[in-house]
Amino acid sequence: MDESKKLKELVIEENVKVHREEASVYEKIHPQLFNWYHNAKSWNDINFLFSLMDLRTGLRVLDLGCGTGFLTTKMLQKKNADIIAVDLSKDMLMQLEKKLSSFPQGGRVALINKEATAFLQGDNTRYDLITASAFLHHLTDIKELLDLIIKNLKPSGLFYIAYEPLKQPIDSKLQFALHRFFRTLDVAFFNVYLKMLGLKIDVSHEKSIADYQTTLGGVDPVAIIGHLKGKGEILRFDKFATRAFGIFAFILDKMVKSQNTFSIIFRKS
């Protein structure tokens with residue numbers, strides 16, 4: 001087995017382990033996904049995506065790395081969306097399955113426990129929309145997945161990348177100092193929040209191969225956009241700040257102008 005395949009298997013194994021440990025408390029220990037600031041932005045993107053599609057017909061939607069259903073449950077509230085939710089972790093899918101029981105339309109979601117690349121390689125469906133939230137940074141080969149996604153999109157189909165760690169330098173010393181100050185505040189409040197919930201978590205995986213691209217400094221949106229060039233058009237490219245608490249994300253994003261996350265909306269030719 002060559003080194004790239006060995007690395008991919010190690011990353012997969014670590015992700016299965018980490019998400020088995022985190023699944024039952026995932027949403028509590030990742031409030032940055034669910035606070036008012038990021039939640040509003042996610043809804044804005046979802047509404048924009050669905051405004052571009054013909055809601056009079058049945059939509060085929062694929063949510064890769066769906067986790068506990070951050071995007072799946074939002075998209076399920078839109079009309080005529082039949083969703084396939086794919087995740088490597090059966091433990092995360094179990095949490096999503098519990099959520100779906102409270103949705104009258106929950107039966108429109110099919111849960112698939114499989115690694116995303118392997119799923120796409122064996123899937124002949126053509127989708128109106130493919131989404132990936134906080135997912136690409138877990139991969140060793142992003143370009144391989146992008147090529148498969150493009151193949152599995154219908155003409156004019158949409159691809160939404162959400163909540164990926166942004167790989168970019170902060171050039172201004174003042175901006176960097178303010179960024180570190182508010183990040184430190186956010187972490188301090190987050191630790192208090194965890195104590196109030198009685199949670200003790202091991203965040204060492206954030207520097208492990210589970211979050212593989214994060215160990216390399218994040219995901220480079222310029223490289224992604226360059227790889228998608230000629231295959232369609234970029235409809236949105238947003239850089240923004242995310243923190244555990246929305247107020248700190250707002251301050252960093254709107255006042256300090258320090259972003260650590262990005263999203264992309266792409267439409268296939």
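I started with a working definition: a residue counts as buried when its relative accessible area is under 20%. By that cut-off, buried residues make up 48% of the 269 residues in the protein. I also noted that this is a predicted model.

**Overall build.** I looked up the secondary structure and found 11 helices and 7 strands. The radius of gyration is 18 Å, close to the 18 Å that the globule rule gives for 269 residues, so the protein is as compact as a globular protein of that length. Along the principal axes, the C-alpha atoms fill a box of roughly 50 × 45 × 40 Å.

**Contacts.** I took the contacts with a separation of 6 or more, and 78% of them join residues 24 or more positions apart.

**Inside.** Which residues have the most contacts inside the largest nonpolar core? I found Leu49, Phe50, Met75, Leu129 and Tyr160, in a core of 29 residues. Among the elements that give two or more residues to this core are helix 3 (36-51), helix 5 (90-100) and strand 5 (153-165). I then followed Leu49: leaving out residues up to four places away in sequence, Leu49 touches Leu129, Leu158, Tyr160 and Ile265. A second, separate core has 28 residues, including Phe119 and Phe135.

Note on methods:
Residues numbered from 1 in each chain as written. Predicted model: local features only at pLDDT ≥ 70, side-chain atom pairs only at ≥ 80, totals over all residues. Heavy atoms only, no water. Helix = DSSP H or I, 4+ residues; strand = E, 2+ residues; numbered from the N terminus. Rg over C-alpha atoms; globule rule 2.2 N^0.38 Å. Buried < 20%, exposed > 50% of the residue type's maximum accessible area, 1.4 Å probe, protein only. Contact = heavy atoms within 4.5 Å. Core = buried A, V, L, I, M, F, W, Y, C linked by side-chain atoms within 4.5 Å.
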